[in-house]
Amino acid sequence: MTTLAPAPEASPRPSGEAPEPRAKRSLVRRILGRQPLGLLFSAPYLVFVIAIFAFPIVYSVWISFHDFFFAAPGAKVDRPFVGFENYVTAFTNPAVIRSFGNILIFLVINVPLTVILSMLLAIALDKVVHLRTFLRVSFYVPYVTASVAVVAVWLFLFNGNGLVNTVLGPLAPDPSWLINEKLAMPVIALYVTWKQLGFYILLYLAALQNVPRELYESAATDGAGRIRQFFSVTVPSVRPATVLVLLVSTVTGANLFTEPYLLTGGGGPNGASASPVLLMYQLGIQQGQPDVASAIGVVLVILVLIVAWLQNRFAGERD
């Protein structure tokens, strides 16, 4: 008959040492994690995020609910609470409403083009054998080139006597591209798509390296052609990269400033290319209304968060 060995006795605690409460241990582990040392390494970035992002956002929300204006350093001025007055002032201004419409036009053009072109070009570059490095660098160069230099080239291409109008001849629009109220924002959207495409191509190239080749071989064995492989293997496999591209391009597009400021001289013609961030600069810095500008910024952040959540909800992975 088999006998069970007695369980080993727990080693007695040193005299005078009280056992650590389980609830306290779990709370500490929940706050610090299993590896508290990791907090030490991530602390510099956490401080950076709080100082550069979190604090300005919270301060902007506070400014948007007060009668705020710039004063000399150290001066004590009264900044009374005004509730939603700044929001009413901002969104009864037709220029502000139009700027949000402009950014919507921009995103409708820029985001789909960015996703489609960067994915297709990444797939093409992934299959290239010769001149692979040269082609990848060529697509990435516009992204790292100074905007002022690249804008000068686009102004040369799209001004009234530019190369594009010369090629089009009688088909050229009148007024020309960047002084045309209907075409200014689409041209800016095409410019931003072209300039930033190299960055998103790299994201897709990195995602394509993780797609197992066996999936393509299995699909080919089952009789799937290249188009079918694209939709059944490639697109699902790079979905995390697609979600990232959607999020980054949306956030970047919502913060559009440099391109309309340089290409159309500050949002022209007649505000057709003005973005909310450009109006925030004009109202807050040039016209001394930082409280109204902060109200625009708070609404913009809320709208971007909603769009980002919808993108992640409907385009992201589903468990």
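Student: Okay, which residues in H9 meet which ones in H10?
Tutor: Keep in mind that this is a predicted model. On the H9 side you have Leu 215, Tyr 216, Ala 219 and Ala 220, and they meet Gln 229, Val 233, Thr 234 and Ser 237 in H10.

Student: And how do the residues of that contact divide into nonpolar, polar and charged?
Tutor: The contact of H9 with H10 has 5 nonpolar and 3 polar residues, with no charged ones.

Student: What's the crossing angle there, roughly?
Tutor: Roughly 160°, with the axes of H9 (residues 213-221) and H10 (residues 226-237) coming within 10 Å. Angles over 145 degrees count as roughly antiparallel, so H9 and H10 are roughly antiparallel to each other.

Student: Is that crossing left-handed or right-handed?
Tutor: H9 and H10 make a right-handed crossing.

Student: Switching topic: how do H2 and H14 cross?
Tutor: H2 covers residues 37-64 and H14 covers residues 290-315; their axes cross at roughly 120° and come within 8 Å. That angle makes H2 oblique to H14.

Student: Left-handed or right-handed for that pair?
Tutor: Left-handed, as H2 passes H14.

Student: So which residues meet there?
Tutor: From H2, Ser 60, Val 61, Ile 63 and Ser 64. In H14 their partners are Pro 290, Asp 291, Ser 294, Ala 295 and Val 298.

Student: How many of those are nonpolar, polar or charged?
Tutor: The contact of H2 with H14 splits into 5 nonpolar, 3 polar and 1 charged.

How values were computed: Residues are numbered from 1 along each chain as its sequence is written. This is a predicted model: local features need pLDDT of at least 70, side-chain atom pairs count only at pLDDT 80 or more; totals for chains, interfaces and linings use all residues. Side-chain values use heavy atoms; hydrogens and water are left out. Axes are lines fitted to C-alpha atoms, for helices over the stretch in contact, and angles run from 0 to 180 degrees between N-to-C directions. Helices (H or I, at least four residues) and strands (E, at least two) are DSSP runs, numbered from the N terminus. Angles under 35 degrees count as roughly parallel, over 145 as roughly antiparallel, 65 to 115 as roughly perpendicular and the rest as oblique. A crossing is left-handed if the near helix is turned anticlockwise from the far one by less than a right angle, and right-handed if clockwise. Contact means heavy atoms within 4.5 Å. Ala, Val, Leu, Ile, Met, Phe, Trp, Tyr, Cys and Pro count as nonpolar, Asp, Glu, Lys and Arg as charged, and the others, Gly among them, as polar.
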